[in-house]
Each structure stands twice: as structure tokens, then as C-alpha cells.
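Student: I would like to learn how to read a helix in a model. Please show me the chain first.

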Amino acid sequence: MGDLSGLAADQELGRRNSSAAPASRHLPHAAASTEAYFRAATAILSSPPDESEPDISATLLKRHYGLEGSTAVLSSEVERTVEVSLSDGRQLILKTPARQEAVESFRFQSAALAALQGSVGFAAPTVIPTNGGAMMFEEEGLSGYLQTRIEGVSLH
């Protein structure tokens with residue numbers, strides 16, 4: 001684990017260092033900045049989804065996963081996020097990128113979620129493999145992945 005003997009000395013110096021005192025006076029400002037950031041992020045996430053493009057979620061769901069269900073577009077910042085309700089009561093989330101540049105990010109996201117399967121101590125969605133067993137689908141200019149939906153209240 002390494003030598004920790006210098007840690008106590010560094011902490012003691014920090015307590016005696018008078019420059020640490022002014023930093024503590026800025027905590028209310030930091031809290032206000034955090035609150036403003038949170039409110040701005042919440043406003044973005046609670047805005048209605050962009051409906052400018054036709055929703056082909058049901059087609060993608062059937063083509064790549066062999067599933068049928070009702071779909072509802074949710075608000076999101078970068079990707080197109082669709083809530084899927086299957087007839088057996090399961091709730092899923094289908095994510096597709098709004099821009100082609102997001103494909104690499106989707107590869108990372110789906111791989112990261114897949115790596116979390118079986119972990120304990122926290123809730124994480126499970127990636128649903130495509131009909132071919134892949135973690136995400138990719139076709140001409142379009143990609144995405146399907147995941148389980150974690151219970152909770154949506155901001156939209």
C-alpha cells in the first residue's frame with residue numbers, strides 16, 4: 001500500500017497553514033455554484049425531447065432484438081432515449097445517438113454497462129444483447145443499444 005508516514009505530517013501542516021482558512025470561507029459560494037449547475041442540468045434534462053426526426057424505435061427494436069412494445073421518447077442531452085414497455089410488463093431503454101460521432105461513446109457505454117453485470121452494492125442497468133449476441137447494433141449510419149430500465153421517476 002506504500003509509505004503513509006508523510007501523510008500525518010502533511011495533514012498537520014495543512015491545519016497550521018493559514019492559507020487554508022480563506023478557502024473555507026468560499027464554501028457557501030461553492031454550494032451556490034453546485035446548486036446553479038444542478039438546476040441548469042435539471043432544466044436541460046426536463047425539456048421535451050426533440051421530435052424533429054421520425055421515431056423508428058419500434059422498427060429497430062423488432063429488427064435487432066425481435067421485441068415489440070410501446071415506445072415513448074424521453075428527454076436527453078446527447079442521445080435519443082426511448083422508453084420501451086413490453087407486453088409482459090418489462091421496461092427497457094433503447095438508446096440511439098443523435099449524431100454519428102457518438103458511436104464510439106455508445107460502444108464505450110454499452111461495454112461499461114456489460115462489464116458491470118454481476119457487480120454488487122449498486123444498481124446498474126443490464127445491456128440486452130442483440131439477436132446476434134452483440135452489445136449494440138450498428139447499421140448504415142445508425143447504432144444503439146438496449147438496456148433494462150431502473151425503477152424511478154423520470155424528470156420528463
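Student: What should the 14 residues of helix α5 span?

Tutor: Helices (H or I, at least four residues) and strands (E, at least two) are DSSP runs, numbered from the N terminus. The expected span is 1.5 Å times one less than the number of residues. For α5, residues 103-116, that should give 20 Å, and the end C-alpha atoms are 20 Å apart, which agrees. This is a predicted model, where local features need pLDDT of at least 70, side-chain atom pairs count only at pLDDT 80 or more, and totals for chains, interfaces and linings use all residues. Residues are numbered from 1 along each chain as its sequence is written, and side-chain values use heavy atoms, leaving out hydrogens and water.

Student: Which residues of α5 are buried?

Tutor: Buried means under 20% relative accessible area, exposed over 50%, partly exposed in between (1.4 Å probe, protein chains only). In α5 the buried ones are V103, F106, Q109, S110 and L113. They cover an arc of only 115° around the axis, which puts them on the same side of α5; the arc is that of the directions from the helix axis to the C-beta atoms. E104, F108 and A115, on the other side of α5, are exposed.

Student: With which residues is S110 in contact, leaving aside neighbours within four places in sequence?

Tutor: Contact means heavy atoms within 4.5 Å. S110 is in contact with V127, M135, M136 and Y145. Its relative accessible area is 2%.

Student: Where does pLDDT stay under 50?

Tutor: pLDDT is the predictor's confidence in each residue, from 0 to 100. It stays under 50 over residues 1-26. Where pLDDT is low, the predicted coordinates should not be read in detail.
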